[in-house]
Amino acid sequence: MKELSSIAQIGNPILRSKALPVARSSDPTILQLIDSLIDTAIANQGVGIAAPQISQPYRLFIIASHPSERYPYAPTMPPTAIINPQILNHGEEVVKDWEGCLSVPNVRGLVPRYRQIKVEYTTKEGEIKQEILTDFIARIFQHELDHLDGILFTDRVTDPADLYSEAQYRQIISASDLS
Ligand code: ZN
């Protein structure tokens, strides 16, 4: 059986620290960290997870988007390691949509994010990649990149009334499914 990493919860100083650049993506500790992050994301049905969330202070995260009860309209994308990520530029449009976080249990919020971003990162194979991301995937990228700078989604909520409990969120989501 795989041993799963425990997830740092809000209040843990690791979530407020700036993570360090990854020097070599082929380093065995980094490859092992990628595997642990993917296992932890899958086990917790997360659509993304950043290394500081399992107490590893590196600029590395996983995007593992898939439709779920929490995010019924999420696109499917195999778990992808994003190393030393940067946002090169972004469109003007900012959209508020739902987010949650494995490190902030039972809380959901409407968070403003850029709808479209141009990003650069290093892949697991060590290749530098540039991509244009939109909507949900762009949202995950911005959320996870914030983790590398010690920022949580609750910091980005612009109106306190945009914070919800998980139970309230589920009621709203199921009501909108019926309409
Ligand atoms: Zn998070």
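Phe61 stands opposite Ile82 in strand β3, and the bridge partner of Ala50 in β2 is likewise Phe61. The structure is a predicted model, in which local features require pLDDT of at least 70 and side-chain atom pairs count only at pLDDT 80 or more, while totals for chains, interfaces and linings use all residues. Residues are numbered from 1 along each chain as its sequence is written, and side-chain values use heavy atoms, with hydrogens and water left out.

Strands (E, at least two residues) and helices (H or I, at least four) are DSSP runs, numbered from the N terminus. Two strands are taken to pair if DSSP finds at least two bridges between them. Strand β1 (residues 48-50) runs antiparallel to β2, to which 3 bridges join it. Strand β3 (residues 80-90) is also antiparallel to β2, and 4 bridges link the two.

In a regular strand, side chains alternate between the two faces of the sheet. Strand β2 (residues 60-63) is covered on both faces: Leu60 and Ile62 on one side, and Phe61 and Ile63 on the other, are all buried. Here, buried denotes under 20% relative accessible area, exposed over 50%, and partly exposed in between (1.4 Å probe, protein chains only).

A zinc ion is coordinated by Cys101 (SG), His143 (NE2) and His147 (NE2) at 2.0 to 2.3 Å. Donors are N, O and S atoms within 2.8 Å of the metal (3.2 Å for Na, K and Ca); water is not among the atoms, so sites may look incomplete. Along the chain, the zinc donors follow the spacing C-x41-H-x3-H. Because Cys101 lies in strand β4 (residues 94-101) and His147 in helix α2 (residues 135-148), the pair ties together parts that are 46 residues apart in sequence. Cys101 is buried, with a relative accessible area of 9%, and His147 is buried, at 1%.
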